Amino acid sequence: MKTIQLNNNQEIPAVGFGVFMIPNDGPTYDATLAALKAGYRHIDTAAGYMNESDVGKAIKDSGIDRKEIFITSKLWLQDYGYENAKKGIETSLKYLQTDYIDLYLLHQPYGDYLGAWKALEEAVEEGKIKSIGISNITVNLWNKFKNGMNITPVVNQVEFNPFTQQRELRKVMEESNIKLEAWYPLGHGNKDLLENETIVSLANKYNKNAGQIILRWIYQEGVISLPKSTNPQRMQGNIDIFDFELTQEETETIQALDTGKATHNPEDPANETRLMGLKIHD
């Protein structure tokens, strides 16, 4: 698996396995084990996905050395604020059955964000977390929060794919050497994206499928991708992208597909109200 260097010199696998919307108590356990067997070494979960315990059990049962597996998790809004975040970190460590988490993110940009960030910074100093990052942060939200941070985030996990290329955000993140991580890298099964003429023609040329072309393009853009599938063949295919390379002209044709639009707007007050009201524990 190829890796990408973060701004703290840690290496992160270029393609991770996302477990969003996979149920706990079995399905996430099975999917994580299958992903590890297929060759994934980066598992992306979150407290808000409510399946950290399945991920932790699968990693422990895989027989693979913990040091070889990169674990990402995220703190949910309910645990924001300094004291709550300290407890939330401990809960994630417990569910994941690990002494440290490779990357821990603030999942959503609301509530006592900087209080939670302070707790993450302290956890880095204590060795409980190797790297910390942000998620769903726009340019405006970055400008709101950045001066309250002593440790620069290593990543910003946002919606990213050929139709949603986050060009302005990427420029701003590059100023601080913050890498983008792509959720919905395949457009969440968007038929228009997967059947796009440009992408399908490249798939035919390289004897790959549309998803592989997209993930290869994302990798060449220097963005970390987190595809999700519970189908073992698709899992394998999603990391079988390192035996070919798109030309500069081909990458530019995919860049031209950008719509400048996303399915999720973190600055929408309705999203803030909805997400702030979601409780994942008593």
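I take helices (H or I, at least four residues) and strands (E, at least two) as DSSP runs, numbered from the N terminus.

Before looking anything up, I note that this is a predicted model, in which local features need pLDDT of at least 70 and side-chain atom pairs count only at pLDDT 80 or more, while totals for chains, interfaces and linings use all residues. Residues are numbered from 1 along each chain as its sequence is written, and side-chain values use heavy atoms, with hydrogens and water left out.

**Entry: pocket**

I looked up the largest pocket, where a pocket is, on a 1 Å grid over the protein atoms alone, an open set of points where a 1.4 Å probe fits, with protein on both sides within 12 Å along at least five of seven lines. Its space comes to about 1,100 Å³, the volume being what is filled by probe spheres set on the points, which are joined across faces, edges and corners. Of the 45 residues that line this pocket, F20, M21, Y184, H188 and K228 are the closest to its centre, a lining residue being one with an atom within 4 Å of a point. I find that α8 (197–206), α9 (210–220), α10 (232–238) and α12 (269–276) are the elements giving two or more residues to this lining, and that the largest share, four residues, comes from α10.

**Entry: salt bridges**

I counted ten salt bridges in the structure, each a side-chain nitrogen of Lys or Arg within 4 Å of a carboxyl oxygen of Asp or Glu. For accessibility I call a residue buried under 20% relative accessible area and exposed over 50%, with partly exposed in between (1.4 Å probe, protein chains only).

I first checked E221 and R170, whose closest N and O atoms are 2.9 Å apart. E221 is buried at 18% relative accessibility, and R170 is buried at 15%.

I then turned to K205 and E250, with closest N and O atoms 2.5 Å apart; K205 belongs to helix α8 and E250 to helix α11 (residues 248–255), so the pair joins parts 45 residues apart in sequence. Here K205 is exposed at 52%, whereas E250 is buried at 9%.

I also looked up K208 and D243, which form a salt bridge at 3.0 Å between the closest N and O atoms. This pair links the loop between α8 and α9, holding K208, to the loop between α10 and α11, holding D243, 35 residues apart. K208 is buried at 13%, while D243 is exposed at 53%.
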